[in-house]
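Opening the notebook on a new model today. I want the fold, the core and the charged pairs written down before I do anything else.

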Amino acid sequence: MGTDSLLEPDSNEFQKFKWHLQQGDSSKGYRSIPEGRLEEAEMWRTVDLMEQTYTGPKAVEVTRKILKKINRNDLICRLNLYSQFKFTWKN
């Protein structure tokens with residue numbers, strides 16, 4: 001499985017990721033994004049919808065939770081490294 005397969009809009013993993021966004025999870029602190037808004041959304045539109053729905057740091061937190069659900073710990077590590085770099089670079 002390629003590391004970037006989640007980024008391919010037709011990939012099964014990307015569809016699973018969007019499915020989790022549609023379901024939401026109130027116990028984990030995130031609400032759903034309606035299926036109609038995500039159905040045809042490609043990656044960048046999905047990112048926009050997440051930022052509109054969850055705002056800034058919450059969108060990153062939701063991303064981590066969903067990546068964990070779909071067993072993509074490798075991408076969680078990459079996201080953590082990116083977040084650390086971004087924070088360090090800003091300061």
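My entries follow, from the whole chain down to single residues.

**Ground rules.** I'm working on a predicted model, where local features need pLDDT of at least 70 and side-chain atom pairs count only at pLDDT 80 or more, while totals for chains, interfaces and linings use all residues. Residues are numbered from 1 along each chain as its sequence is written, and side-chain values use heavy atoms, with hydrogens and water left out.

**Whole chain.** I looked up the secondary structure and got five helices and zero strands for the protein chain. Helices here are DSSP runs of H or I with at least four residues, strands are runs of E with at least two, and numbering starts at the N terminus. Along the sequence that reads α-α-α-α-α.

Next I checked burial. Of the 91 residues in the protein chain, 34% are buried. Buried means under 20% relative accessible area, exposed means over 50%, and partly exposed is in between (1.4 Å probe, protein chains only). The accessible surface comes to about 6300 Å², and 53% of that belongs to carbon and sulfur atoms. Those areas come from the Shrake-Rupley method with a 1.4 Å probe, and for residues only the protein chains shown count as cover.

Then contacts (heavy atoms within 4.5 Å). Among contacts in the protein chain with a separation of 6 or more, 46% are between residues 24 or more positions apart.

Which residues of α3 are buried? I get M43, T46, L49, M50, T53 and Y54. Seen down the axis of α3, the buried residues fall within an arc of 120°, so they line one face of the helix. The arc is taken from the directions from the helix axis to the C-beta atoms. The cover over these buried residues includes α1, α2 (35–38) and α4 (56–69). Just after α3, I noted that T55 takes a positive phi of about 60°.

**Core.** The largest nonpolar core has 16 residues, and F17, L21, I33, M50, Y54 and V62 touch the most other members. Such a core is a set of buried Ala, Val, Leu, Ile, Met, Phe, Trp, Tyr and Cys residues joined through side-chain atoms within 4.5 Å. Helices α1, α3, α4 and α5 each supply at least two residues of this core, and α4 gives the most, with four.

Leaving out residues up to four places away in sequence, V62 touches L21, Y30, M50 and Y54.

**Salt bridges.** Side chains of opposite charge can pair when their charged atoms come close. My rule is a side-chain nitrogen of Lys or Arg within 4 Å of a carboxyl oxygen of Asp or Glu. How many salt bridges does it give? The count is five.

- D25 pairs with K69, with the closest N and O atoms 3.0 Å apart. D25 is buried at 15% relative accessible area, whereas K69 is partly exposed at 33%.
- E61 and K58 meet at 3.6 Å, N to O. Both lie in α4, three residues apart, about one turn of the helix. E61 is partly exposed at 32%, and K58 is partly exposed at 26%.
- D74 and R72 meet at 2.7 Å, N to O. D74 is partly exposed at 33%, but R72 is buried at 2%. A salt-bridge network links E13, R72 and D74.

**Two single residues.** W19 lies in α1 (residues 12–23).

N71 sits in the loop between α4 and α5 (73–90). Its phi is near 60°, a positive value in a residue other than glycine. N71 counts as exposed, at 63% relative accessibility.
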